[in-house]
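The following exercises concern one protein model. Please study the sequence and the structure, then work through each solution step by step.

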Amino acid sequence: MRTAPAFWWHDRISLKAALLSPLSFIYGAVSGRRMHQAPSAHASLPVICIGNFVVGGAGKTPFALKLCALLKAEGHKPVFLLRGYGGRLKGPVLVDPEKHSGADVGDEAFLLAAAAPTIVAANRPEGAAFAATLEASLILMDDGFQNPALAKDLTLALVDAQVGTGNGLCLPAGPLRAPLATQIRKADALVVVGEGTRAARAVHLAARRGLPIIEAKIMPTNGAEFDGQKVLAYAGIGRPQKFFASLAATGAEVVEARAFGDHHPYSEAEAQSLLTRAETDNLQLVTTAKDMARIESAEGEIYRWLAKRSAVLEVDMRIEPQSRLMDLISETLRRRPFRSR
């Protein structure tokens, strides 16, 4: 997947965006109408959807992992359900890190599977039916916000405070998957990730609808080990620049930063180039957990060397107020009508 165009994230609408706006209008109308279709299936397990308004990362995976940990601490047995973007398997399939590769199920699936049973399914109702056969009490659906196929009991919409919803236009003129006003009507709570002012419109629309607004921050957990190091940072995620900035904030000297598209499958030539550059100038390779998941599951000796030579900037999600989020989930589960398996 290519890196998102820079003009998507400008406050002002650029000439490129203006020229693409007719297509954007059509795309937004179609996707918005689809979002409001009646769901074709209801799961026997409660479904909590974690989504966002735009193409690219907003911190869904760290948030999903944190929420999973919080739910498990309260005695719940969550199972993850996701499409498995970047993987070839349509599923439904239970992810097995010993059996599957990133090419099979996508990179997020490996990270999630380390925390809880994880199902990859292109057809979400089929995935939910499969989840009901496991020893699980609820489904955490990573993404799927815009997909109406499976009914959601609770939808948590994430927005990055640094970039917000970009120029406010839909694909291909902007990053929105559907008009913001349309999407906000399908959200049950807004989660603002990070610091910044560009989530203001989403916050305003959420406040007008009386939605709970929760704040979250992604915090490095092993940043001290990079303090003072000269590093070559590389990442193929939704917003690589955000990762580079977080790494620099730890005190690392980012000598070079290489950005790749979201879910980028590294070629052998790219892996060799990274290794050669690091070796030549005595740089520490540093990447993200998602990238490492793809590299470790790739076939070939060069990827094993890249994984061994690279360090991961580990992160955790801090949610405030955490109690409000858990109360919201508890109330949702309490009100949910019983559905037999």
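**Exercise 1: The sheet**

In strand β13, E320 is the bridge partner of E215. The model is predicted: local features need pLDDT of at least 70, side-chain atom pairs count only at pLDDT 80 or more, and totals for chains, interfaces and linings use all residues. Residues are numbered from 1 along each chain as its sequence is written, and side-chain values use heavy atoms, with hydrogens and water left out.

Solution. Strands are DSSP runs of E with at least two residues, numbered from the N terminus, and two strands pair if DSSP finds at least two bridges between them.
- Step 1. Strand β8 (residues 213–220) runs antiparallel to β13, and six bridges join them.
- Step 2. The open sheet has nine strands in the order β3-β4-β2-β5-β1-β6-β7-β8-β13, with mixed pairing.

**Exercise 2: The cysteines**

Task: determine how many disulfides there are.

Solution. A disulfide is a pair of cysteine sulfur atoms within 2.5 Å.
- Step 1. By this rule, the count is zero disulfides.
- Step 2. For C49, which is in no disulfide, the nearest cysteine sulfur is that of C68, 16 Å away.
- Step 3. C170 is also in no disulfide; the sulfur of C49 is its nearest cysteine sulfur, 18 Å away.
- Step 4. Buried means under 20% relative accessible area (1.4 Å probe, protein chains only). C49 is buried at 0%, and C170 counts as buried at 5%.

Technical notes. Buried < 20%, exposed > 50% of the residue type's maximum accessible area, 1.4 Å probe, protein only. Helix = DSSP H or I, 4+ residues; strand = E, 2+ residues; numbered from the N terminus.
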